Amino acid sequence: MGLPALEFSDCCLDSPHFRETLKSHEAELDKTNKFIKELIKDGKSLISALKNLSSAKRKFADSLNEFKFQCIGDAETDDEMCIARSLQEFATVLRNLEDERIRMIENASEVLITPLEKFRKEQIGAAKEAKKKYDKETEKYCGILEKHLNLSSKKKESQLQEADSQVDLVRQHFYEVSLEYVFKVQEVQERKMFEFVEPLLAFLQGLFTFYHHGYELAKDFNDFKTQLTISIQNTRNRFEGTRSEVESLMKKMKENPLEHKTISPYTMEGYLYVQEKRHFGTSWVKHYCTYQRDSKQITMVPFDQKSGGKGGEDESVTLKSCTRRKTDSIEKRFCFDVEAVDRPGVITMQALSEEDRRLWMEAMDGREPVYNSNKDSQSEGTAQLDSIGFSIIKKCIHAVETRGINEQGLYRIVGVNSRVQKLLSVLMDPKTASETEMDICAEWEIKTITSALKTYLRMLPGPLMMYQFQRSFIKAAKLENQESRVSEIHSLVHRLPEKNRQMLQLLMNHLANVANNHKQNLMTVANLGVVFGPTLLRPQEETVAAIMDIKFQNIVVEILIENHEKIFNTVPDAPLTNAQLHLSRKKSSDSKPPSCSERPLTLFHTMQSTEKQEQRNSLINSSLESVVSSNANSILNSSSSLQPNINSSDPDLDVLKPTRPNSLTPFRKAKALYACKAEHDSELSFTAGTVFDNVHPSQEPGWLEGTLNGKTGLIPENYVEYL
């Protein structure tokens, strides 16, 4: 579907697949660079030649319509899909402007040309420089490696050791340059989703402002403009969050590349030089080889890293035996012989180093096996889902709900680490943990308590929602409509072990209570998803692809908070068949009620040019103050207390029982929390802040009925709050 993720672990192997993937990213950057260059040229023509404005605008619109975004990963969020189709929307607007003969444009150079030139120069230009450096280091490394491998084994030992050290230094430098280049390519691919589209959006906004005859068209475009602005900001926020994670992973790979290798389907893989007999003698041809122990299958792909292309056809043989070649029997170093069942003769191969030969022989069960010293890097957590664990979480929740439910930035603002550890040591002490009636003292700050709760969940041997279900939850969040997402997550939650599900219910009931007070604490359902997604659904392996899925982890937590009563208090329906699931998706666009998790994570208002700097300086606060309302059907009574779970026989494993609100009072006034565009005649279109009269429940689930300017129609239930 989109561009495959570039894994840092592949930089070490430098496989043909890695090179092909890197080529696809480079081609996409070149394509983007050419398009931006053409776009800038068209924009300047539009400014300088008003008499040719009509033809220039249509060409500009055609260019936008032809370009298609390629996102990293196998699925897109609603925000990314909105951004991906934004260029086609822009093209439609420009064609409409041409039809109406609007010929006025101002300030285009500042809002369009300068940002695109800056992006092309600073981002794409930097990626090109990194590519030059990478290609240079590739050629240097391969040249030195070939020269090194051609050294005679009869040389002095000191000379051979010196040569080995030199190759190791060059290899390490090549590896670091490779990591930096992959990081830069990933960064530019992510940045273009907002730094490239945002100037275009600003340019269109300028057109609407200064075009006297474009007022009506600007009004029609306003809804999509708001949605796209939100999507860009959400994409930017997610990028800023994932960029630090990717950079941290890159640093870990630099420090310890062997401990972060990607799990491979092959027992062993890497480059080997294979001896081939020719008419004029013998030659050594570089191959990328893979070996699968179960099938004893060896695959050899002739490949030259310098040219970036294959040198012949792939060959697969079945291993019969593997024997180390003695140094005095061949002039080359690091050699071993392979006999195949389906190929006559002996295949002589040369590894890249003595350690590399050892690993190949071990994988192929050669004559000199070396015991694998790989260690299990998974550390055992000290926290457990036992009576002490439930007691700790309950105490933290009770302290938060009684003393700090209205504190701004709840769960987002972290406590001092030393204080958090001290509080945890007190709570985890078996002597104090057994005192179920003991509350956390008032001397502990709320931010310390919330950090202790999150830290305890991270200290569990595995994530609360379990490694084995992590991919299933992510796939559920990627389904096309909200009804299918909720249904699948509902089913997955009831597959969790009993204690995991009880702890998750306890936590979700609490987070729903926090979200109900978002006007005071600024922690909406979306913001809580950002905080708890990586904690509850952390992946077992830390990769770039896993970091890119963080946005879907957040969506899973949002759905759990919004639908906690249904998910934890009802039995899930039988799984849908493929045909039923397809039908559900087909009908989703007409029947699904709007949900908070389908809406963007952050709302913000477009600033005038004089307010841009102030907006940048207060980015963190503005994102906290985003207006995203939680589902009205998931509101908890703020005075709800801890009650025993009637389905549990263990008195220590109490969970919060949610209390449903009273029915909606009919014929009341309500205010819109954000804008909505009607898709049918029976629905109302409105902007954020609009006040409705005579609001009351309708017969359509998830919808209200109200009056606006004398017209009565349907209003999404989640889009308003009662006055």
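This is a predicted model: local features need pLDDT of at least 70, side-chain atom pairs count only at pLDDT 80 or more; totals for chains, interfaces and linings use all residues.
1. Salt bridges. The count comes to 29 salt bridges. In one of them, Lys 59 pairs with Asp 42, and their closest N and O atoms are 3.8 Å apart. This pair links distant parts of the chain, with Lys 59 in helix α3 and Asp 42 in helix α2, 17 residues apart. Lys 59 is partly exposed at a relative accessible area of 41%, whereas Asp 42 is buried at 5%.

2. Arg 191 and Glu 195 form a salt bridge with an N to O distance of 2.6 Å. Both residues lie in helix α7 (residues 157-195), four residues apart, or about one turn of the helix. Arg 191 has 17% relative accessibility and therefore counts as buried. A network of salt bridges links Arg 191 and Glu 195 with Lys 184, Glu 187, Arg 243 and Glu 247.

3. A buried pair. Arg 325 and Asp 337 meet in a salt bridge at 3.2 Å, N to O. Arg 325 is in the loop between β5 and β6, and Asp 337 is in strand β6, 12 residues apart. Both residues are buried.

4. Positive patch. Lys 34, Lys 37, Lys 41 and Lys 128 form a positive surface patch. Helix α2 (residues 16-48) supplies its largest share, three residues. Lys 128 lies in helix α6 and is partly exposed at 38% relative accessibility.

5. Helix α3. This helix has 14 residues and reaches 20 Å from its first C-alpha to its last, close to the 20 Å expected. Its buried residues include Leu 53, Phe 60 and Leu 64, and also Lys 57.

6. Helix α16. Leu 492 is found in this helix and is buried, with a relative accessible area of 1%. The C-alpha atoms of Leu 492 and Phe 469 are separated by 7.5 Å, although the residues are 23 apart along the chain.

Notes:
Residues are numbered from 1 along each chain as its sequence is written. Side-chain values use heavy atoms; hydrogens and water are left out. Patches are made of residues with over 30% relative accessible area and no salt bridge: like charges are joined within 9 Å, nonpolar side chains (Val, Leu, Ile, Met, Phe, Trp, Tyr) within 5 Å. Accessible areas come from the Shrake-Rupley method with a 1.4 Å probe; for residues, only the protein chains shown count as cover. A salt bridge is a side-chain nitrogen of Lys or Arg within 4 Å of a carboxyl oxygen of Asp or Glu. Lys and Arg count as positive and Asp and Glu as negative; His and the chain ends are not counted. The place of a charge is taken as NZ of Lys, CZ of Arg, CG of Asp or CD of Glu. Helices (H or I, at least four residues) and strands (E, at least two) are DSSP runs, numbered from the N terminus. Buried means under 20% relative accessible area, exposed over 50%, partly exposed in between (1.4 Å probe, protein chains only). The expected span of a helix is 1.5 Å times one less than its number of residues.
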